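Work through the exercises below with the model open beside you. Try each task before reading its solution.

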Amino acid sequence: MTRYREICSDLAGRIRSGELTEGSELPGVRELASRFGTTASTVSRAQRALADAGVILTSDRRRSRVAPDGAVAARRFLHSELVFRLAGSDDPALDVVTRALGRAVQAIGAEGSFGGLRAVRQGKADGAAVHLLHHTGVYNAPFARGLLRGWRPHLIHLWRREQGIVVPPGNPRGLTTAADLAGLRVAKRRQGSGTRVLFDRLLLAADLDPDAVAGPETGSHLETGLTVASGVVDAGLGVRSVARDLDLDFVSLVDEDYDVVLGAAALDAAAPLVATLHDPAVRATITELGGYDTTDSGRVHELGP
């Protein structure tokens, strides 16, 4: 049993570090058996375990090879006991992912993109889901670099999503742009959320004072949709999927990048999240919600020191 675990850890560690890259052949069964002073059957058992975990691919006629995304699978295999603490922005599709992850992820009660980033900075969370447009026109990365300087900040791309105006069926007021919200009662997300930042930015671009737009503050996209559906407000800014769920109409305004910001030290704990984002079934479920593009879901990007 000790040798079996050593072989699994050795091979997964070499794949995780990049010493063995995607498609690379592993040492032969006899070579590994000699190196670890064990039997060929023990080596084969270890390789089967790695294959079941998606780390390697096995074949009867050739040596085992590192699987596509084997490095991510190796991280997950080596650190299956870790829990990724996730804070930040609300999103219906993120609920799909966290349900699939089960106990591998723990939701931290830091609301909104800014609250999530603050929780990471304070060590209360490992990562934050954010969708913040910087004045340079780039989403999320500038904020990660600034707040996590010295932490080797990374982005895990979740998806691109549509944000727009959620309106009653038939769009009775004929809304087409943010400028049309003047004089209406509008649901607004709470301060500190990325959607509230977007809302204020859109109104300012339309020469409207955000503080002059009346309406209640909501804690989630679903709550925004419910206030529209119940007639409490004339409209609200939210994601397309909520409008679809509640049989409301939707006026698309922007497509935005939705990412998880984290430091390099949290990458091991985030491995199950990355693997889940590559799962075709999970991607299909997210796409079916409406308004999501999962083409690059699970892409990990290092932002520099």
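The exercises move from the whole chain to one helix, then to the pockets and the cavity.

**Exercise 1. The whole chain**

Describe the overall make-up of the protein chain: its secondary structure, its box and its share of buried residues.

*Solution.*
- Step 1. Note that this is a predicted model.
- Step 2. Count the elements. The chain has 12 helices and 12 strands.
- Step 3. Box the C-alpha atoms along the principal axes. They fill roughly 80 × 40 × 30 Å.
- Step 4. Check burial, which means under 20% relative accessible area. Of the 305 residues in the protein chain, 51% are buried.
- Step 5. Turn to contacts between residues at least 6 apart in sequence. Of these, 72% join residues at least 24 apart.

**Exercise 2. Helix H3**

Find the span of helix H3 and work out why its buried residues line one face of the helix.

*Solution.*
- Step 1. Locate H3 at residues 40-52, a run of 13 residues.
- Step 2. Compare spans. From first C-alpha to last, H3 reaches 18 Å, close to the 18 Å expected at 1.5 Å a residue.
- Step 3. List the buried residues of H3: Thr42, Val43, Ala46, Gln47, Ala49 and Leu50.
- Step 4. Look down the axis of H3. The buried residues fall within an arc of 155°, so they line one face of the helix.
- Step 5. Turn to the other side of H3. Ser41 and Asp52 are exposed there.
- Step 6. Ask what covers the buried residues of H3. The cover includes H1, helix H2 (29-36), strand E1 (56-57) and H4.
- Step 7. Step just past the end of H3. Gly54 takes a positive phi of about 80°.

**Exercise 3. The largest pocket**

Which elements each supply at least two residues of the lining of the largest pocket, and which gives the most?

*Solution.*
- Step 1. Start with volume. The largest pocket has about 310 Å³.
- Step 2. Find its centre. The lining has 19 residues, and Leu86, Gly88, Ser89, Leu94 and Ala107 lie nearest the centre.
- Step 3. Assign the elements. Strand E3 (84-88), helix H5 (92-101) and strand E4 (105-111) each supply at least two residues.
- Step 4. Pick the main contributor. E4 gives the most, with 7 residues.
- Step 5. Sort the lining by class. It holds 7 nonpolar, 8 polar and 4 charged residues.

**Exercise 4. The second largest pocket**

Which residues lie nearest the centre of the second largest pocket, and what is the class make-up of its lining?

*Solution.*
- Step 1. Take the volume: about 250 Å³ for the second largest pocket.
- Step 2. Find the centre. Of the 19 lining residues, Arg16, Ala71, Val72, Arg75 and Val300 lie nearest to it.
- Step 3. Assign the elements. Helix H1 (2-17), helix H4 (70-78) and helix H11 (267-277) give two or more residues to this lining.
- Step 4. Sort by class. The lining of the second largest pocket has 12 nonpolar, 3 polar and 4 charged residues.

**Exercise 5. The cavity**

How many cavities of 30 Å³ or more does a search of the whole structure find, and what lines the largest cavity?

*Solution.*
- Step 1. Search the whole structure. It has 1 cavity of 30 Å³ or more.
- Step 2. Take the volume. The largest cavity has about 60 Å³.
- Step 3. Name the lining: His131, Leu132, Leu133, Tyr139, Gly194, Val197, Leu198, Arg201 and Glu256.
- Step 4. Find the main contributor. Helix H8 (residues 194-205) gives the most, with 4 residues.
- Step 5. Sort by class. The cavity lining has 5 nonpolar, 2 polar and 2 charged residues.

Key. Residues numbered from 1 in each chain as written. Predicted model: local features only at pLDDT ≥ 70, side-chain atom pairs only at ≥ 80, totals over all residues. Heavy atoms only, no water. 1 Å grid on protein atoms, 1.4 Å probe; cavity = no way out; pocket = protein on both sides within 12 Å on 5 of 7 lines; lining within 4 Å. Points joined across faces, edges and corners; volume = space filled by probe spheres on them. Nonpolar A, V, L, I, M, F, W, Y, C, P; charged D, E, K, R; others polar. Expected span 1.5 Å × (residues − 1). Buried < 20%, exposed > 50% of the residue type's maximum accessible area, 1.4 Å probe, protein only. Arc of directions from axis to C-beta. Contact = heavy atoms within 4.5 Å.
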